[in-house]
Amino acid sequence: MIPPELTAQIQLMLDGELTVGDLATLEAELLENAESREVFRRMAWLHSDLEVVHAGQKAIANAGIVPIKRIMIRQRKRI
């Protein structure tokens, strides 16, 4: 059975906000309970995927992409 506070502890750990004592408790739970390990794995994958998506969105926002309509308007003005 999964402890009710498990997901909150995992989220705090993934965010780097879990205390040393709580980290030891989480580690013990993960070592003892296969179901808890599966929850941890899924949350870690989700956390990682969300970080990748966020980094991609940030890169696109900072890329200075010019909309094609603006390019076409500039080209028409030159002709």
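Some ground rules. Numbering starts from 1 along each chain as its sequence is written, and side-chain values use heavy atoms, with hydrogens and water left out. Since the model is predicted, local features need pLDDT of at least 70 and side-chain atom pairs count only at pLDDT 80 or more, while totals for chains, interfaces and linings use all residues.

Let me start with helix α1, which covers residues 6-14. A helix here is a DSSP run of H or I, at least four residues, numbered from the N terminus. Gln9 lies in α1. Is Gln9 buried or exposed? Gln9 is buried, at 14% relative accessible area. The cut-offs: buried is under 20% relative accessible area, exposed is over 50%, and partly exposed is in between, with a 1.4 Å probe and protein chains only. What does Gln9 touch, leaving aside neighbours within four places in sequence? Its contacts are Leu18, Asp22, Thr25 and Leu26. Contact means heavy atoms within 4.5 Å.

Leu14 is also in helix α1. With neighbours within four places again set aside, Leu14 contacts Met43, Ala44 and His47. Take the pair Leu14 and Ala44. They sit 30 residues apart in sequence, and their C-alpha atoms are 7.2 Å apart.

Next, helix α2, residues 20-32. Look at Glu29, which is in this helix. Glu29 is buried and has no salt bridge. For that term, we need a side-chain nitrogen of Lys or Arg within 4 Å of a carboxyl oxygen of Asp or Glu. Which side chain of opposite charge is nearest to Glu29? That is Arg37, 8.2 Å away. On charge, Lys and Arg count as positive, Asp and Glu as negative, and His and the chain ends are not counted. Beyond four places in sequence, Glu29 is in contact with Met1, Pro3, Leu6 and Ser36.

Now the salt bridges themselves. How many are there? The count is 2. Glu38 takes part in one with Arg41, at 2.6 Å, N to O. Glu38 also pairs with Arg42, at 2.9 Å, N to O. So that links Glu38, Arg41 and Arg42 in a network of salt bridges. Both pairs belong to helix α3: Arg41 and Glu38 are 3 residues apart, about one turn, and Arg42 and Glu38 are 4 apart, also about one turn. Glu38 is partly exposed at 27%. Arg41 is partly exposed at 36%. Arg42 is exposed at 56%.

Stay on helix α3 for Ala61. Ala61 is exposed, at 63% relative accessible area.

Ile65 is exposed, at 62% relative accessibility. Ile65 and Met13 are 52 residues apart in sequence and 36 Å apart, C-alpha to C-alpha.

Patches are made of residues with over 30% relative accessible area and no salt bridge; like charges are joined within 9 Å, and nonpolar side chains (Val, Leu, Ile, Met, Phe, Trp, Tyr) within 5 Å. The place of a charge is NZ of Lys, CZ of Arg, CG of Asp or CD of Glu. Accessible areas come from the Shrake-Rupley method with a 1.4 Å probe, and for residues only the protein chains shown count as cover.

Which residues make the positive patch? They are Arg70, Arg74, Lys77 and Arg78. Arg70 is in helix α4, residues 68-78. Arg70 is partly exposed, at 46%.

There is a nonpolar patch on the surface too. Val66, Ile68, Ile71 and Met72 form it, with about 320 Å² of accessible area together. Ile71 is in helix α4. Ile71 is partly exposed, at 33% relative accessibility.

To recap: Glu29 is buried without a salt bridge, and Glu38 bridges to Arg41 and to Arg42. Helix α4 holds Arg70 and Ile71. Arg70 belongs to the positive patch, and Ile71 to the nonpolar one.

Methods. Helix = DSSP H or I, 4+ residues; strand = E, 2+ residues; numbered from the N terminus.
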